[in-house]
Amino acid sequence: MGIHRGHKARPGEWLAEKFIFLVSLSAILMVLLIFLFVAREALPVFLGQTNTALVQKPIPPVEMDKHSPAELQAYLELTPDQYAKMNKATLRSLMDVKVEAQDDVPEDFRNDPDAKINTTEWKYLVDSHKWSGYDKPEYIWQPVGQIKKFNIIPLFVGTLKITLIGLLFAVPLAVGAAIYVSQLARPRVREIVKPAIELLSGIPSVVVGVFALLVMATVLQSIFHYQTRLNAFVAGIALGFAVIPVIFSIAEDALTSVPRAYTQGALALGASRWQTAWQIVLPAALPGVFAAAVLGFGRAIGETMIVLMVCSASVMSWSIFDSARSITTTIAAEMAEAVNGGPHYRILFMLGALLFAATFVSNMIGDFVIHRFKLKLEGKR
Amino acid sequence: MKKFAILLAATTLAASAFAGNITVKGSDTLVILAQKWAEVYMGQHTDVKIQVSGGGTGTGFAALQSQTTDLCDASRKAKGAEIAGCLKAFAARPTEYKVALDGLSVYVNPENPLKELTVAQVGDIFTGKIKNWKEVGGADAPITVYSRENSSGTYEFFKANVLMGKDFAASAQTMPGTAAIVQAVVKDKNGIGYGGAAYGGSSKLLSIKKTDTSPAIAPNEETVVNGTYPIWRHLFVYVDPAKDKGEIAAYLTWIRSDEGQKYVKDIGYYPLPKNLRSN
């Protein structure tokens with residue numbers, strides 16, 4: 001498609017159009033590349049190629065010659081290229097390292113039944129398991145230590161818990177504020193309130209996090225008297241502050257763009273301003289308001305810093321006054337120390353891929369619902 | 001992707017070819033100390049440039065393998081997979097240098113009447129086996145446990161040597177840094193946390209008993225350096241042995257000399273005992 005206004009596009013316009021097209025194309029390409037990168041790093045987990053069993057039987061270095069090059073290459077996790085470049089002494093050191101790693105396993109863990117488990121199998125990733133030392137099957141995320149436990153369920157529960165609290169807090173407030181500002185407020189009040197709320201989005205999330213950590217946590221604890229000072233509730237409320245400006249500005253735009261004729265018609269028929277706002281304008285702007293909430297959800301589920309500062313214990317619990325750990329927090333906090341290419345690193349990328357998929361699906365649903373709403377409103381269905 | 005990698009490698013090569021340019025990367029625990037050393041050393045040797053960055057021990061080892069850094073700061077020993085990575089990258093094990101000592105203290109709220117715990121009791125508190133202060137002779141109140149992110153070398157060390165490899169309680173609050181732990185413990189009168197002694201601030205540092213019968217030892221320079229305080233660790237610098245000559249070797253020697261070790265205490269860690277300084 002080009003610019004068709006009844007005349008041929010001038011060269012400058014043509015160039016500008018193509019340039020904009022290229023930019024948008026590169027954005028799509030970028031998203032695709034990022035996704036491919038994340039998926040590639042996570043692939044070994046999906047294919048079940050990682051093994052975290054603590055006790056494995058190493059090949060003694062003296063038996064090196066008894067094994068075929070292909071076996072050795074697989075055992076030492078080398079690419080054919082790397083293998084070709086290795087000299088014998090280096091290969092031997094690599095084998096020594098494997099033996100040393102086994103020798104380093106503390107005595108207590110040698111006979112632990114868990115030590116033979118490959119904890120990156122799907123059943124350990126998503127289902128509870130009765131680990132030794134625990135009384136009952138549990139969902140545990142403890143990726144560092146002798147027996148690495150990578151159950152991702154607590155992280156999903158934590159993410160949903162915090163996001164939902166944040167949205168439950170933010171959506172009514174933000175939409176209410178949007179209705180007030182766009183429909184009820186006098187122009188002078190609107191000129192102060194609107195920029196003030198939008199200014200909230202200018203506060204870096206680290207600052208919101210510190211504020212929540214030092215002030216809000218204490219205040220909320222003194223009001224609600226729960227036991228854990230830093231919990232999902234505090235994180236959710238703090239998250240709400242980050243999400244409010246996003247929802248507010250989109251919802252306010254949607255409400256303002258409802259044709260004046262609707263409002264004028266309603267007022268002329270004798271409806272009060274409140275009735276007009278609540279029963280005429282809000283329903284008409286509902287798709288936009290819904291879009292605001294969906295985008296707010298996207299912002300909330302992707303927010304890292306606030307949750308990282310306020311609470312991050314991977315407890316498997318739906319109680320809002322227990323702590324929680326979100327997926328983004330986990331990735332941000334653990335990626336730096338994970339051994340590159342190791343199981344922990346791969347699982348973190350897998351979490352990233354799942355998060356990507358989750359936001360993608362939620363945006364798709366949002367888009368679909370908005371489309372349906374629009375058709376309905378315009379009376380085309 | 002590949003082109004970018006080549007470009008990156010080329011610029012790094014160009015950078016390391018420049019005489020007297022040393023890059024240091026790795027542990028966040030060590031980054032302040034490494035910066036201090038670099039600053040002082042560069043002041044004395046104006047022809048040497050040292051670039052220090054953090055990012056974590058794992059990041060440091062990754063950079064050591066991709067040869068984008070000369071020195072890797074580490075708050076823990078290299079893991080098997082990391083040594084294997086180095087062997088694949090430059091056909092040699094990285095050389096390990098011990099550069100400082102760190103004593104880990106156990107913090108509680110200043111109002112907590114408790115003065116001492118055994119290592120085993122500390123372990124049981126952090127695994128969640130002991131849930132109430134009265135079980136260890138304190139007030140009748142539930143214990144709130146504050147821990148570090150599992151990316152921290154401190155977390156790993158504590159898990160291996162105090163919890164004896166057992167899992168931290170799921171309810172343990174994970175804090176982004178030692179300062180945040182101290183902050184939380186000071187605000188929470190039932191809190192307990194751990195970290196470097198120097199970060200203790202206005203929290204109370206518990207004395208630690210190795211066993212039920214041994215004396216309680218308070219963490220300070222003397223007890224950490226002579227090894228009587230039971231919870232301590234080494235901090236390391238790793239280097240590719242092929243690069244361990246010239247400027248880099250001189251810098252590493254200086255770090256572990258009396259002169260270099262003088263600055264360790266300013267940052268809150270403890271100098272190496274004399275017998276460990278040359279290896």
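Predicted model: local features only at pLDDT ≥ 70, side-chain atom pairs only at ≥ 80, totals over all residues.
As for labels, residues are numbered from 1 along each chain as its sequence is written, with chains lettered from A and ligands numbered from 1 in the order in which they are written.

Okay, the interface. Chain A puts in 41 residues and chain B 36, where being in contact means that C-beta atoms, placed from the backbone, lie within 7 Å. On the chain A side, at least two residues each come from helix H4 (88-103), helix H5 (107-110), helix H13 (305-310) and helix H14 (327-334). Helices here are DSSP runs of H or I with at least four residues, strands are E runs of at least two, and both are numbered from the N terminus. H4(A) gives the largest share of that side, seven residues. By class, the chain A side splits into 20 nonpolar, 15 polar and six charged; nonpolar is Ala, Val, Leu, Ile, Met, Phe, Trp, Tyr, Cys and Pro, charged is Asp, Glu, Lys and Arg, and the others, Gly among them, are polar.

The axes of H4(A) and H4(B), residues 80-90, come within 9 Å and cross at roughly 175°, with axes fitted to C-alpha atoms, for helices over the stretch in contact, and angles running from 0 to 180 degrees between N-to-C directions. That makes the two helices, H4(A) and H4(B), roughly antiparallel, a label for angles over 145 degrees.

Now chain B on its own. It divides into domain 1 (2-101 + 235-276) and domain 2 (105-225), with bounds from an automatic or database domain assignment. Their C-alpha centres lie 31 Å apart. Twelve residues of domain 1 of chain B are in contact with eleven of domain 2 of chain B, and the domain 1 side has four nonpolar, six polar and two charged residues.

On to strands, which pair if DSSP finds at least two bridges between them. Strand E8(B), residues 191-196, is largely enclosed by the rest of the structure, because five of its six residues are buried, that is, 20 or more other C-beta atoms lie within 10 Å of their own. Strand E4(B), residues 95-108, runs antiparallel to E8(B) with five bridges, and Val108(B) partners Ile192(B). Strand E6(B), residues 144-148, runs parallel to E8(B) with two bridges. Which residue does Val145(B) stand opposite in E8(B)? Ile192(B) again.

There's also an open sheet of three strands, in the order E5-E10-E11 of chain B, with mixed pairing. E5(B) (116-118) and E11(B) (216-217) are the edges, each pairing on one side only. Helix H5(B), residues 119-127, packs on this sheet, touching E5(B) and E10(B), at about 85° to E5(B).

With 24 C-beta neighbours inside 10 Å, Ala62(B) counts as buried.

Methods. Contact = placed C-beta atoms within 7 Å. Parallel < 35°, antiparallel > 145°, perpendicular 65-115°, else oblique. Buried ≥ 20, exposed ≤ 12 C-beta atoms within 10 Å, placed from the backbone.
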